[in-house]
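Q: I am new to this structure. Please pick one part of it and take a close look, step by step.

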Amino acid sequence: MAEVRLPEWLREAEKGPCPSGAGKASRGFAEKNLEVIASFLSGVFTSGEYASGPGVLQSVDPRARISGVVALVAACAFTSRAAFLAIEFFVIIVIAVASNLSLGAVMKRVLPSFVFTSVLIAPALFDFVTPGADIFGVTVGGARVSMTREGISTALFFLARAAAMVSLAAILALTTRHSDFFRGLNGLFIPSIFVATLFMAFRYLLILLKTAQDMSLARKSRMIGADDLAGSRGWFSYRAALILKKSMGLSGEVNMAMVSRGFTGKVRTFEGPSLSGRDYAWVGFTVFMLFISFGL
């Protein structure tokens with residue numbers, strides 16, 4: 001049987017995308033925005049999956065859960081000892097494992113703040129901010145700039161404290177449904193109008209993000225060829241202004257709907273169940289950690 005050979009033009013087409021750009025591997029401006037919006041929405045709803053699953057912290061009443069995490073965060077803020085932070089990290093790991101949380105899900109929420117904090121604390125490494133014993137230095141323009149032992153220890157302690165506090169906030173967000181979180185705030189003597197405003201703002205944010213995602217997806221489905229960067233930025237700016245205008249109109253419509261149904265500004269909520277022994281044990285443990293943070 002004679003050998004079948006592909007023509008040259010067909011073999012060249014296999015090497016890259018088609019000239020029109022429809023098979024282009026690089027992502028356009030609209031596609032990147034669509035991916036970011038979808039990633040945010042996915043993160044919001046993924047946390048609900050952990051909150052609905054079994055776990056030690058999930059079984060604690062939201063009021064006690066929030067109070068305990070706030071006490072642990074305050075303990076991190078008040079302590080001045082690295083030994084206590086080490087204990088705090090051990091407690092965080094135990095809580096995360098006992099609550100069946102994924103390490104990747106927690107790190108995904110901690111890493112951005114860790115990088116941002118690292119940039120902020122970087123000047124503290126050098127002797128012009130934190131004088132001390134030189135570890136490493138360079139001479140620039142006749143002036144010596146060096147890293148100090150005290151600066152390194154200060155920066156590492158600050159980073160550890162920030163990582164512990166953000167980890168606790170991430171664990172609370174992952175183990176608490178949004179409705180339970182706001183219900184827990186209502187039971188902590190926080191003004192109900194503040195809680196209601198925060199809840200409605202959160203719901204509006206999700207609705208507007210979903211609207212932006214639908215707009216980006218609609219544009220992406222109608223695009224043929226490569227994405228024009230200048231045109232995409234103009235389209236994105238116009239849609240951002242449109243979403244802002246839509247949010248203002250939506251808030252007015254919701255307000256009129258609430259007033260027409262008898263809303264007078266006073267928010268009424270259902271009374272939650274009384275705290276159990278497990279809830280008191282959790283609050284007692286976190287308050288104990290807060291007390292020993294003053295001594296360590």
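A: Start with one term: buried means under 20% relative accessible area, exposed means over 50%, and partly exposed lies in between (1.4 Å probe, protein chains only). This is a predicted model, where local features need pLDDT of at least 70, side-chain atom pairs count only at pLDDT 80 or more, and totals for chains, interfaces and linings use all residues. Residues are numbered from 1 along each chain as its sequence is written, and side-chain values use heavy atoms, leaving out hydrogens and water.

The part to look at is helix α4, residues 82-98. First, its setting. The protein has 10 helices and 2 strands (DSSP runs numbered from the N terminus: H or I of at least four residues for helices, E of at least two for strands). Along the sequence the order reads α-α-α-α-α-β-β-α-α-α-α-α. The protein has 296 residues, and 29% of them count as buried. Take contacts (heavy atoms within 4.5 Å) between residues at least 6 apart in sequence. Of these, 74% join residues at least 24 apart.

Helix α3 covers residues 62-78. The axes of α3 and α4 come within 10 Å and cross at roughly 155°. (Axes are lines fitted to C-alpha atoms, for helices over the stretch in contact; angles run from 0 to 180 degrees between N-to-C directions.) The two helices are therefore roughly antiparallel. (Under 35 degrees is roughly parallel, over 145 roughly antiparallel, 65 to 115 roughly perpendicular, and the rest oblique.)

Who meets whom? On the α3 side, the residues are Leu72, Ala75 and Cys76. On the α4 side, they are Phe84, Leu85, Glu88 and Ile95. This contact has 6 nonpolar residues, no polar ones and 1 charged residue. (Ala, Val, Leu, Ile, Met, Phe, Trp, Tyr, Cys and Pro are nonpolar; Asp, Glu, Lys and Arg are charged; the others, Gly among them, are polar.)

From α4, the contact uses Ala82, Leu85, Glu88, Phe89, Ile92, Ile95 and Ala96. From α6 come Phe157, Ala160, Arg161, Ala163, Ala164, Ser167, Leu168 and Ile171. The tally here is 12 nonpolar, 1 polar and 2 charged.

Zoom in on glutamate 88. This residue lies in α4. Glutamate 88 is in the contact with α3 and in the contact with α6. Its relative accessible area is 1%, so it is buried. Setting aside neighbours within four places in sequence, glutamate 88 touches Leu72, Ala75, Cys76, Ala164, Leu168 and Met289. Cysteine 76 sits 12 residues away along the chain, yet the two C-alpha atoms are 7.6 Å apart.

Asparagine 100 is in the loop between α4 and α5 (103-121). Its phi is near 60°, a positive value in a residue other than glycine. Most residues other than glycine have a negative phi. Asparagine 100 is partly exposed, at 47% relative accessible area.

Go back to α3 for a moment. Serine 67 lies in this helix. With 28% relative accessibility, serine 67 is partly exposed. Its C-alpha atom is 7.0 Å from that of valine 283, a residue 216 places away along the chain.

Arginine 63 takes part in a salt bridge with aspartate 61, with N to O at 2.9 Å. (A salt bridge puts a side-chain nitrogen of Lys or Arg within 4 Å of a carboxyl oxygen of Asp or Glu.) Both partners are on the inside by the cut-off: aspartate 61 is buried at 8%, and arginine 63 is buried at 18%.

The structure holds 2 salt bridges. The other one joins aspartate 180 to arginine 177, with the closest N and O atoms 3.1 Å apart. Aspartate 180 counts as buried at 12%, whereas arginine 177 is partly exposed at 37%.

One last stop is strand β2, residues 143-148, which holds serine 146. Serine 146 is buried, at 1% relative accessibility. Beyond residues up to four places away in sequence, serine 146 touches Leu125, Phe126, Asp127, Asp134, Phe136 and Gly137.
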